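Please look at the sequence and the structure below, and then read on for an account of how the parts meet.

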Amino acid sequence: MEPIRKHEGLVYPLNRSNIDTDQIIPKQFLKRISRQGFGEFLFYNWRFDSKGEPRSDFSLNFPKYNGTSILVAGDNFGCGSSREHAPWALQDYGFRVIIASSFADIFYNNCTKNGILPVQLTEDQISELIDQAEAKSYTITVDLENKRVYDNHNFDASFDLPNYQREMLLNGWDEIAVTLTHKNKIDKFEEEREFS
Amino acid sequence: MEMPKTIIEKIWEQHVVHHEEGKPDLLYIDLHLVHEVTSPQAFEGLRLNGRKVRRPDRTFATMDHNVPTIHRHVIKDQISKTQMDTLQKNCEEFNVPLADIHHPDQGIVHVIGPELGLTQPGKTIVCGDSHTSTHGAFGALAFGIGTSEVEHVLATQTIWQARPKTLNVKVNGKLGTGVTAKDLILAIIGKFGVKFGTGYVLEYTGEAIQSLSMEGRMTICNMSIEAGARAGLISPDDTTVEFLRGKRHAPQGEDFEKAAQKWKSLATDDGATYDATVEIDADEIEPQVTWGTNPGMCIPVSGNVPDPTQAKSDSEKSEIRRALEYMGLEAGQPIAAVKIDHVFIGSCTNSRLADLKKAATIISGQKVNPAVTAIVVPGSHSVKVAAEKEGLDIIFKEAGFEWRDAGCSACLGMNDDIIPDGERCASTSNRNFEGRQGAGARTHLVSPEMAAAAAIEGKFVDIRKFSVPTPN
């Protein structure tokens, strides 16, 4: 997967809580057998009407957010289904960083396996980012090495994420290859369990 | 003396392959369940890297999400068919046992695992499906994973996991008559919210839990993920053991008795401590109906739809407003007055024989309201066959229900079983998210009994006041 160290990008604010993976990518688009091409279906039922025309009242369709790569949302982002199609769709659309006040566990994990950086900030910090990004074209920098999010003015916040995930994202490692360095231990575990 | 431990700690410690300070543990996986939707990219990953499935004998696949529930031999949707054909080819290529659409073991992955006895206490179980938590009912540590993790487990039979925090969900007292496991789990999520379990493994304890059947326990554990918990489990006891006795993949004869002793010893020790505890009184719980767009948005059937002006915060206010608008409901209206268009009895939450029997008891000799389209989708082919043996299909059909083949069906509408835009469904499934059952569809989650009664009345009724006809 593609490493992510520092990313500067346009913020897209989506001021909602409990955004579930059914909203991120509805079920009718889960039938493909590849990992590519899910971006056009991102937030499909919110972005498009029943005729497939873009809804003018859904903010991701506003021209000012063209080229966005940082999504900022409320609490419990990515709850519900384990579908990895959700991070695939976000990534294919162009998002590299998701900032939220909290994440659902499976979604969080799925992001880190795909080179998407999930950043947890406080509700106040989220509100500030959302206010800025709703008011104007707003660019921020997310620095994974130093675990900081900042803009060119006054916003500067630190964040945390488990070191394991941080290393994976910074290096873009193939996790299976890492695990296979422990192959002997897996072999031994199986032997001991099955013959005990 | 050893420190008392929770079942979660015991299972965890038995499965750690590699431990390093400051890192997640590398955890061994005993059983990997696979279905057609979240596996194709994982098998493709193996192929691209020249990797094999490490333990095909610890892997079991079926087709459930896409399968048609009528005329299942004719799959009209070519993309669905490709996805199912792909699973077939992958299982052949990698030697993974598969219960395909024509196989007598086919069914919803979380129904067939327990039914075949693949699910056992003390096992670590994963599947590329968030409702894998269902298997926790047996005292297994079972959780949903993404497709990258599916690939990882296929290749290594392990997964990297940070040691979870433990949360005791203590249910005091007994459930009242007509109040089911489904009402209990909805009430728990309603009370503590859709994310109280995030970062935890839940253990459900207390009298009300112990007195539940295995089917009821599966309903409870199934919806752990709707509280944010990847896994939720119940310590094994005699009920667990008796359910597994004689199941095909369970140990047989003397081995079974030995296994049963071992299973029961996994139960949480007296005096074990949890990182957190929440408590709820079972006797206060009424039959529940969800009114909104997540499973925490539920109220007793005697209750009124919430009023956003009474909300505690601005974000809650806007969330309620959005949900009411999507659901086409008025603030303050009694939920029992809401008319429904569809009833769906099925899903990994409530499609087992016991669920169907309970629903059949309610509708026996009655007719589905003319305004309602009602379907029953058994959780597995075996459930279907067993139900037909007991004549349940006749009861449903005579009442005006459609009797379908096994699959996930209208829980998420990946097949043709879709609720149309703007129509309202009383559903025994687990998610009332926007668009879950179809774009614009309005879902109300209820128990099988409540769904059955709603089919007859065309609206929600308090099952405790619903007069069940005496059988002839």
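Buried area is the accessible area, taken with a 1.4 Å probe, that two parts lose on being put together, summed over both. By this definition, chain A and chain B bury about 4,700 Å² between them, with 52% of it on carbon and sulfur atoms. This is a predicted model, in which local features need pLDDT of at least 70 and side-chain atom pairs count only at pLDDT 80 or more, whereas totals for chains, interfaces and linings use all residues. Residues are numbered from 1 along each chain as its sequence is written, chains are lettered from A and ligands numbered from 1 in the order in which they are written, and side-chain values use heavy atoms, with hydrogens and water left out.

The contact between the chains, where contact means heavy atoms within 4.5 Å, takes 49 residues from chain A and 62 residues from chain B.

Within chain B, an automatic or database domain assignment gives domain 1 (7–276) and domain 2 (290–457). The centres of these two domains of chain B, taken over C-alpha atoms, are separated by 24 Å. Their contact takes 38 residues from domain 1 of chain B and 40 residues from domain 2 of chain B. Between them, these domains of chain B bury about 3,000 Å², and 58% of it is on carbon and sulfur atoms. Thr69(B), Ile108(B) and Lys182(B) supply 22% of the area that domain 1 of chain B buries against domain 2 of chain B, more than any other three residues.

Salt bridges, in which a side-chain nitrogen of Lys or Arg is within 4 Å of a carboxyl oxygen of Asp or Glu, number 9 between chain A and chain B and 2 between domain 1 and domain 2 of chain B. The table gives an example from each interface.

| Salt bridge | Closest N and O atoms |
|---|---|
| Asp187(A) with Arg54(B) | 2.6 Å apart |
| Glu226(B) with Arg431(B) | 3.1 Å apart |

What lies inside? A nonpolar core is a set of buried Ala, Val, Leu, Ile, Met, Phe, Trp, Tyr and Cys residues joined through side-chain atoms within 4.5 Å, where buried means under 20% relative accessible area (1.4 Å probe, protein chains only). The largest such core has 108 residues, and those with the most contacts inside it are Phe43(A), Phe77(A), Leu90(A), Ile99(A), Phe396(B) and Phe401(B). Domain 1 (7–276) and domain 2 (290–457) of chain B both give residues to this core, so it lies between them. A second, separate core of 43 residues includes Ile185(B), Tyr200(B), Ala208(B) and Ala250(B).

Technical notes: Buried < 20%, exposed > 50% of the residue type's maximum accessible area, 1.4 Å probe, protein only.
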